[in-house]
Amino acid sequence: MARPWRGIIAEYGDRLPHVENVVTLNEGGTPLVHAPHLDALTGATVYVKVEGANPTGSFKDRGMTMAISRVVDEGVTLVAAASTGNTSASAAAYAVRAGIGCAVILPAGKIAAGKLAQAIVHGATLVAVDGNFDDCLRIVRGLTDSYPVALVNSINPYRLQGQKTAAFEVVDVLGDAPDIHVLPVGNAGNITAYWMGYSEYAGRRTSAAFEDSAGRLAPVASRVPRMWGVQAEGAAPLVKGVPVEHPETVATAIRIGNPASWGYAIEARDSSGGWIESVTDAQILDTQAMLAAKVGVFVEPASAASVAGLVQAAGRGLVPEGATIVCTVTGNGLKDTATALGSHIVEPTVIAPTVEAAVQALGL
Ligand code: F0G
């Protein structure tokens, strides 16, 4: 039997900064699922990288294992994160594993219920801010500048180091880099991390890498993909080229007006020959429903943005025939069932507890 997956630090430690005290929930090793329905829509060969299969239900766990391990090495006993929900869920869980405290700074009323529940059950201290994510990040920066609290947002470079391993996994499964990689963009850490990972595996360096294995280990990939980033129309600063003061979208995870990794995202876009575009909330919700109904993968709205961007690009004739494309679907649909169901709350018919009644209800 193949050995079980051990978490990204054990699996990819030779390409990560060294940490002494490994704090892990065996994150990573997520499914890369071929989606024939998306092939039919685009004329390409499309895979979805199901990051909702991580321990806390999002890609954040890859970065959090690195960041929290490093915090423990430094002897810090309290971490803080600004979040639209997934970072806080992940930070709270990894803080439990490390036996340290966790404070989460959240935009009041804009966190999906499942994500809020995660922060609560893992025992984090919650602070709700009358403001948006960008305000929360400013507060956390201020706190961690002046108090013995470690910041575990993606401006912590260890986060991006962990997140780059998703690109390694894609190459390890496909045998080389895909032609195109599509992902949703909020604070722009993940697009930065994927570009770092793909570049490193092809023996190249990016400016976000404070440490990398490019010159030390032999390349694994012969090429890098084009990076396609997708933002929500009401929160699309990278598309507009200016910060958005009041970002608004149903995809609360990417409701961000001034991404911290702005410059790195532009580098990923431009040096890969890619683009960053936006999709509407209606496209996001339609795509979320389509992924559930036709692909069998239930993702949260922000995650559907990547696939919505791909489908939009196909409609504009921008998808090369036969290309190999990977879309990251970043978080689990179970985190936000209210948005997924919307007005479609189905009240099942209640029947008598007999086979006959079930047969009748099913019309068999
Ligand atoms: N998808 C999901 C599900 C997310 O939670 C996020 C970011 C993104 C995409 C965008 O990734 O910020 O690296 O560009 N969530 C952060 C949080 C902001 O606080 O959980 P990004």
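**Entry 1: terms and cavity**

On a 1 Å grid over the protein atoms alone, I call a set of points a cavity if a 1.4 Å probe fits there but cannot get out. Lining residues have an atom within 4 Å of a point. Grid points are joined across faces, edges and corners, and a volume is the space filled by probe spheres set on the points.

I am working on a predicted model, where local features need pLDDT of at least 70, side-chain atom pairs count only at pLDDT 80 or more, and totals for chains, interfaces and linings use all residues. Residues are numbered from 1 along each chain as its sequence is written, and side-chain values use heavy atoms, with hydrogens and water left out.

I searched the whole structure and found 1 cavity of 30 Å³ or more. The volume of the largest cavity is about 320 Å³. It has 27 lining residues, and Phe 59, Lys 60, Gly 186, Asn 187 and Ala 253 are the closest to its centre. Which elements give two or more residues to this lining? I noted H4, helix H7 (157-163) and H9; here helices are DSSP runs of H or I with at least four residues, numbered from the N terminus. H9 provides the largest share, 3 residues.

I sorted the cavity lining into 11 nonpolar, 13 polar and 3 charged residues. In this count Ala, Val, Leu, Ile, Met, Phe, Trp, Tyr, Cys and Pro are nonpolar, Asp, Glu, Lys and Arg are charged, and the others, Gly among them, are polar.

**Entry 2: the ligand**

What takes up the space of the largest cavity? I found the ligand there.

Next I looked up backbone contacts. A backbone N or O atom of Ala 188 is 2.7 Å from a ligand oxygen atom. For Thr 84 the distance from a backbone N or O atom to an oxygen atom of the ligand is 2.8 Å, and for Gly 189 it is 3.1 Å. Taken alone the ligand exposes 470 Å², of which the protein buries 98% (Shrake-Rupley method, 1.4 Å probe).

**Entry 3: the largest pocket**

I then turned to pockets, open sets with protein on both sides within 12 Å along at least five of seven lines. The largest one has a volume of about 200 Å³. Its lining includes Leu 285, Phe 298 and His 344. Helix H12 (281-295) and helix H14 (337-341) each contribute two or more residues, and H12 gives the most, with 4.

Terms used:
A polar contact is a pair of N or O atoms within 3.5 Å; within protein, one must be able to donate a hydrogen and the other to accept it, and residues adjacent in sequence count only if both atoms are side-chain atoms. A molecule sits in a cavity or pocket if more than half of its atoms lie within 2 Å of its grid points.
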